Amino acid sequence: MNRDIQRILVDEARLSERVNELGRAMTADYAGREPLIVGILRGSFIFMADLVRVCDFPCTVDFMVVSSYGGGATSSGNVRILKDLSEDISGRDVILVEDILDTGRTLYNLRDVLSRRGPRSIRIAALLDKPDRREADITADYVGFTVPNEFVVGYGLDYDQRYRTLPYIGILKPEVYTSS
Ligand code: PRP
């Protein structure tokens, strides 16, 4: 185990099992459709890569980079799009894939922005949900794990851009983020 990790919250086997369950649920829900699966970078990249491979329906993929800031719980003016979609989502079923739903500001604002582009539907798949931290009125349609308000890293999630490549979700030792 990485020496900066206090303990493993979700190990590789459980991650794989749960991602498979989400893929099965989505496969049932999207039967006969061809959604656009949108990864919100960077945190979603590993979850998205695993998820799309267990979704048994035709789909296309796209990516966005966004930055949420300010008191954005209610206003879509508070999401900055750093990399926009390459695809037109008008009439499409869109699935937004995130690593974590924390305050909810990012997805609340992003969903608002994208909904004005005329998609047929927008759903959210979040690997982790931290409901204790929620400020915006939003829930995910597909949630991998509900987690406590701890500093989690790995499987795409970072602290200061590090630890994303760990194959598990771990809780970071407090001294790692309090010493700098
Ligand atoms: C993280 C995460 C979500 C957002 C969730 O992104 O990937 O996009 O924060 O937080 P919220 O619910 O409070 O809005 P971050 O800006 O850290 O970028 P990253 O994906 O590159 O890690």
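**Exercise 1.** Determine the strand order of the open sheet that contains β1, and identify its edge strands.

*Solution.* In this predicted model, three strands make up an open sheet with the order β1-β9-β8, and their pairing is antiparallel. The edges are β1 and β8 (152-153), each of which pairs on one side only. Next, consider the contact between β8 and β9 (residues 169-172): the two strands run antiparallel and are joined by two bridges. Within this pairing, V153 lies opposite G170 in β9.

**Exercise 2.** Classify D4 as buried or exposed, and list its contacts beyond four places in sequence.

*Solution.* First, locate the residue: D4 belongs to the segment before β1 (5-10). Its relative accessible area is 15%. Burial requires a value under 20%; D4 is therefore buried. Finally, once neighbours within four places in sequence are set aside, the contacts of D4 are R162, Y163, I171, L172, K173 and V176.

**Exercise 3.** Explain why the buried residues of α3 line one face of the helix, and name elements that cover them.

*Solution.* Begin with the residues concerned: in α3 (residues 105-115), L107, N109, L110, V113 and L114 are buried. Viewed down the axis of α3, the buried residues fall within an arc of 165°, so they line one face of the helix. The general principle is that an α-helix has 3.6 residues a turn, so residues three or four places apart point the same way. The cover over the buried residues of α3 includes β2 (36-41), β3 (60-68), β4 (79-83), β5 (93-101) and β6 (121-129).

How values were computed
Residues are numbered from 1 along each chain as its sequence is written. This is a predicted model: local features need pLDDT of at least 70, side-chain atom pairs count only at pLDDT 80 or more; totals for chains, interfaces and linings use all residues. Side-chain values use heavy atoms; hydrogens and water are left out. Helices (H or I, at least four residues) and strands (E, at least two) are DSSP runs, numbered from the N terminus. Buried means under 20% relative accessible area, exposed over 50%, partly exposed in between (1.4 Å probe, protein chains only). Contact means heavy atoms within 4.5 Å. Two strands pair if DSSP finds at least two bridges between them. The arc is that of the directions from the helix axis to the C-beta atoms.
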